Amino acid sequence: MSNIDLPFLGLIVLIPLTILLIILKLITRPNPIKIPIKSRHVLIIGGSSGIGLALAHQSVLEGARVTILARNLSKLEEAKDSIRLSTGIDVGIVSADVCDFESVKKVFENVGEIDVLVCNEGVFVAQEFVEQEISEVKQMIDINLVGSFNLVKAALIGMKNRKDRRPVSIAFMSSQAGQVGIYGYAAYSASKFGPRGLAEALQQEVIADDIHVSLIFPPDTDTPGLAEENKRKPRLTSIIAASSGAMKADEVAKKVLNGIKSGSFFVPCNFEGFLLSIATAGLSPQRSYLMAFVEVISAGLMRIAGLCFQWTWYGSIEKFHAQPK
């Protein structure tokens, strides 16, 4: 009897899952796409250091024509020299403040057609909101969010009217703090949650022009900036965020470029980011029906896991505040 029951039970499970896969294959949108990188122009904002510099290196190695943009011209020259030293190839450098739309617009008018725009500008100060100066809050929002609006606004008409009609990409560098709010990250998380709304709406607006949007979620990344950030990071922030380890900038850059080339909307960079992307999928676009299948099947389980994380985090906060002052 058991020999008959097991195959029968297997069919009961397999048939609805197969039907679900077929339905998801029919309804997932946008359609799968590949963004070619070789011999195309990649413009990387914040390309003078950290993830941006590593991404410039990686893009050059894959045959792209790269331009890096930052505010500090001397750092741009240093970055250009380091890329030339390691690859033998020169990159273009341009200096502009992403908070100044007219400055960005003027630069973009002179860099030629942009095939991949990586909005990697960012500033981060971790501090309890009650202690944080409103000027720091405004700075983070101006650079991390308004800066992306300025960059895309300046680039979009040229990308829409490009002569090369192959697919192109706009990528926003968010953060795992743009997937879940964490103690001490009130202003930073707000500035990094914002790009998701921009990215989701923008993808609908530009899909007809074969422009594809990616939203990248790196964890803490081992860069010179991270050491500075850690000096002011509240102790509770370090305790809560300790579960997600730091990655090397080169590792993040490879994940980012692969995500852009595959046209992925969400681009997580490690396992924790992958789980967060599933847990926060919501109404985001999804090109892969297999990934959509994972999101649908695991939705309830991921909510339970999320509640467990919140239980742990709030437990840490309670213990911290229960300590003698």
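A crossing of two helices is called right-handed if the near helix is turned clockwise from the far one by less than a right angle. In this predicted model, the crossing of helices α5 and α6 is right-handed. Helix α5 covers residues 134–160 and helix α6 covers residues 186–206; their axes lie 8 Å apart, at an angle of about 15 degrees. Because angles under 35 degrees count as roughly parallel, α5 is described as roughly parallel to α6.

On the α5 side, this contact is formed by Val-137, Met-140, Ile-141, Asn-144, Leu-145, Ser-148, Phe-149, Val-152, Leu-156 and Lys-160. Their partners in α6 are Ala-187, Tyr-188, Ser-191, Lys-192, Gly-194, Pro-195, Leu-198, Leu-202, Glu-205 and Val-206. By class, the contact of α5 with α6 comprises 13 nonpolar, 4 polar and 3 charged residues. An α-helix has 3.6 residues a turn, so residues three or four places apart point the same way.

Helix α5 itself has 27 residues. From first C-alpha to last, α5 reaches 37 Å, which is close to the 39 Å expected at 1.5 Å a residue. A bend of about 40 degrees occurs in α5 at Val-146.

Helix α2 (residues 50–61) packs against helix α9 (residues 249–261) at an angle of about 60 degrees, and the two axes are 8 Å apart. The pair α2 and α9 is therefore oblique, and α2 passes α9 in a right-handed crossing. In α2, the residues that meet α9 are Gly-50, Ile-51, Ala-54, Leu-55, Gln-58 and Ser-59. In α9, the residues that meet α2 are Ala-249, Asp-250, Val-252, Ala-253, Lys-254, Val-256 and Leu-257. The contact of α2 with α9 contains 8 nonpolar, 3 polar and 2 charged residues.

Helix α2 also has a contact with helix α3 (residues 73–87). The axes of α2 and α3 come within 10 Å and cross at roughly 35 degrees, and the crossing is right-handed. Leu-53, Ala-56, His-57, Val-60 and Leu-61 of α2 make this contact with Ala-79, Ser-82, Ile-83, Ser-86 and Thr-87 of α3. The residues of the contact of α2 with α3 include 6 nonpolar and 4 polar, with no charged residue.

Backbone geometry was also examined in the loop between α1 and β1. Most residues other than glycine have a negative phi, and most peptide bonds are trans. The peptide bond from Arg-29 to Pro-30, in contrast, is cis, with omega near 0 degrees. Pro-30 is placed in the loop between α1 (2–27) and β1 (41–45). Ser-39 is not a glycine, yet has a positive phi of about 65 degrees. The loop between α1 and β1 also holds Ser-39.

Notes: Residues numbered from 1 in each chain as written. Predicted model: local features only at pLDDT ≥ 70, side-chain atom pairs only at ≥ 80, totals over all residues. Heavy atoms only, no water. Axes fitted to C-alpha atoms, helices over the stretch in contact; angles between N-to-C directions. Helix = DSSP H or I, 4+ residues; strand = E, 2+ residues; numbered from the N terminus. Parallel < 35°, antiparallel > 145°, perpendicular 65-115°, else oblique. Contact = heavy atoms within 4.5 Å. Nonpolar A, V, L, I, M, F, W, Y, C, P; charged D, E, K, R; others polar. Expected span 1.5 Å × (residues − 1). Bend = angle between axes of the 7 residues up to and from the residue.
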